[in-house]
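Subject: Structure handover

Hello,

Here is the structure for you to look over. My notes on what turned up follow below it.

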Amino acid sequence: MRVGFIGLGSQGGPMARRIVESGYETTLWARRPESLAPYADTAAKYAQSPAELAAVSDLVCLCVVNDDDVRQVITGENGILEGMNEGGIIAVHSTIHPDTCRELAAAARERGVSLVDAPVSGGGMGAAAGTLLVMVGGESDVVERCRPVFSTYGNPVVHLGDIGAGLVAKLLNNLLFTANLALAENTLALGAELGVDPTRLGEVVSHGSANSFALGRVVSAGGSLGRIGGHAGELLKKDVSLVAGLAAAAGATEGITFTTADASLEKMGHPR
C-alpha cells in the first residue's frame, strides 16, 4: 500500500516517520517547506499539493487541526479528492465533529473513494513508540485494509462501528480526561489542607488504585491546572463543546461528567 501523509505536527510527524521506517512507500505534503526537513534522512517523497499526493497514494492519512482544515485539504482546490483514484482511502486522524466526517465520507463516496475516521490518543511520544490508541469508524473491509498501516504507530487499533464512531469515542475519552483533571487537582488540594505534601501524595496515589493519566499530568504541573491550560486548554474546550453538542442533539443528560469537566476548563482559564 502506498501511503500519503498530511499534518506533520507534534503528533502527526512521528506517525509519518513510523510509516516511512516500516517500509511503506510514503509521500508527504506540508504547507510550510520547513515541516518536511526532518524527513530528509528518510525514503519519503514529497508532493506539491494534496491532489498530487493523493494521485500516488492508496491511503492518505490526515492529522491536521480542525474541521475547516480537514475540509480544505480533502475538498478544496487541489485537494485530495481532485487527485485520488477510485478505490483509494482517506483516514482522518484529526479530532473533529463526527458529522463533518460523515459529510466528507459522502463526498468521497461519489468519487469512488472511502473515508474512515481514526482519531488517536497518546501524543507524540506514543506515536514514536508505536503505542497510540487508534479509534476507528468506517466499513469493516476498509478498516482492515488500513489496519497494517495504523499498526505501525498504533496499539491497540480498535474498530468501533460506522463512520463517526471513532470520533465519538475520542470525544468521550477527552471529556472524561478533562473531568478527571479537576478531580485530581481537588484531591491534591484537599491533601495539602490535611497536611500531606501534594507531590508526595501524587507519588503515592500514582501507585494505587486511584491512579490516572490525568493525575500524572496534574502532579507534573505542580498541582495546578494553569500550566496544562496553557498548552491544552483550547483543544480540551473544543472537544468538550463538541461532545456537549452531540449530547444535546441526542437528548442525552449531560450529568456530573460535564459539570466536572467545566470546572476543569474554568481552572485552566478556558470556560466553555
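Start with Gln 72. With a relative accessible area of 42%, Gln 72 counts as partly exposed, because that class runs between under 20% for buried and over 50% for exposed. Please keep in mind throughout that this is a predicted model. Gln 72 sits in helix 3. Apart from neighbours within four places in sequence, Gln 72 is in contact with Arg 31 and Glu 77. Gly 230 is 158 residues away from Gln 72 along the chain, and their C-alpha atoms are separated by 28 Å.

**Domains**

The protein is divided into domain 1 (3–162) and domain 2 (168–268). Their C-alpha centres lie 29 Å apart. Domain 1 puts 10 residues into the contact, and domain 2 puts in nine residues.

UniProt has an unreviewed entry here. Its annotation "domain: 6-phosphogluconate dehydrogenase NADP-binding" covers residues 2–161. That span is 38% helix and 24% strand, and its end C-alpha atoms lie 25 Å apart. The unreviewed entry also places "domain: 3-hydroxyisobutyrate dehydrogenase-like NAD-binding" at residues 164–253. Over residues 164–253 the chain is 78% helix and 0% strand. The end C-alpha atoms there are 20 Å apart.

**The largest pocket**

The largest pocket has a volume of about 1500 Å³. Its lining is made of 45 residues. Nearest its centre lie Ser 10, Gln 11, Gly 123, Lys 170 and Leu 235.

- strand 7 (120–121)
- helix 6 (123–129)
- helix 8 (165–193)
- helix 10 (213–220)
- helix 11 (226–250)

Which of the elements gives the most to this lining? Helix 11 does, with eight residues. By class, the lining divides into 18 nonpolar, 19 polar and eight charged residues. Domain 1 (3–162) and domain 2 (168–268) each supply at least three residues to the lining.

**Lys 170**

Lys 170 lies in helix 8, and is among the residues nearest the centre of the largest pocket. Is Lys 170 buried or exposed? Its relative accessible area is 8%, so Lys 170 is buried; the cut-off for that is under 20%. Not counting residues up to four places away in sequence, Lys 170 touches Thr 95, Pro 119, Val 120 and Met 135.

**The second largest pocket**

About 170 Å³ of space lies in the second largest pocket. Among the residues that line it are Ala 105, Arg 109, Glu 139, Val 142 and Asp 162. Helix 5 (98–110) and strand 6 (114–117) are the elements that give two or more residues to this lining. Strand 6 gives the most, with three residues. The lining divides into six nonpolar, three polar and three charged residues.

**Leu 8**

Leu 8 is found in the loop between strand 1 (3–6) and helix 1 (12–21). Leu 8 counts as buried because its relative accessibility is 16%, and the limit is under 20%. Leaving aside neighbours within four places in sequence, its contacts include Gly 13, Ala 16, Leu 28, Trp 29 and Tyr 39. Leu 62 is 54 residues from Leu 8 in sequence, yet the two are 9.1 Å apart in space, C-alpha to C-alpha.

**Backbone points to check**

Two backbone points are listed here. Most residues other than glycine have a negative phi, and most peptide bonds are trans.

- The peptide bond from Asn 155 to Pro 156 is cis, with omega near 15°. Pro 156 lies in strand 9 (residues 154–161).
- Asn 78 is not a glycine, but has a positive phi of about 60°. Asn 78 lies in the loop between helix 3 (67–75) and helix 4 (80–83). With a relative accessible area of 39%, Asn 78 is partly exposed.

Best regards

How values were computed. Residues are numbered from 1 along each chain as its sequence is written. This is a predicted model: local features need pLDDT of at least 70, side-chain atom pairs count only at pLDDT 80 or more; totals for chains, interfaces and linings use all residues. Side-chain values use heavy atoms; hydrogens and water are left out. UniProt positions are given in the numbering used here, feature names are shortened, and annotations may be inferred rather than shown by experiment. Helices (H or I, at least four residues) and strands (E, at least two) are DSSP runs, numbered from the N terminus. Buried means under 20% relative accessible area, exposed over 50%, partly exposed in between (1.4 Å probe, protein chains only). Contact means heavy atoms within 4.5 Å. On a 1 Å grid over the protein atoms alone, a cavity is a set of points where a 1.4 Å probe fits but cannot get out, and a pocket is an open set with protein on both sides within 12 Å along at least five of seven lines; lining residues have an atom within 4 Å of a point. Grid points are joined across faces, edges and corners, and a volume is the space filled by probe spheres set on the points. Ala, Val, Leu, Ile, Met, Phe, Trp, Tyr, Cys and Pro count as nonpolar, Asp, Glu, Lys and Arg as charged, and the others, Gly among them, as polar. Domain bounds come from an automatic or database domain assignment.
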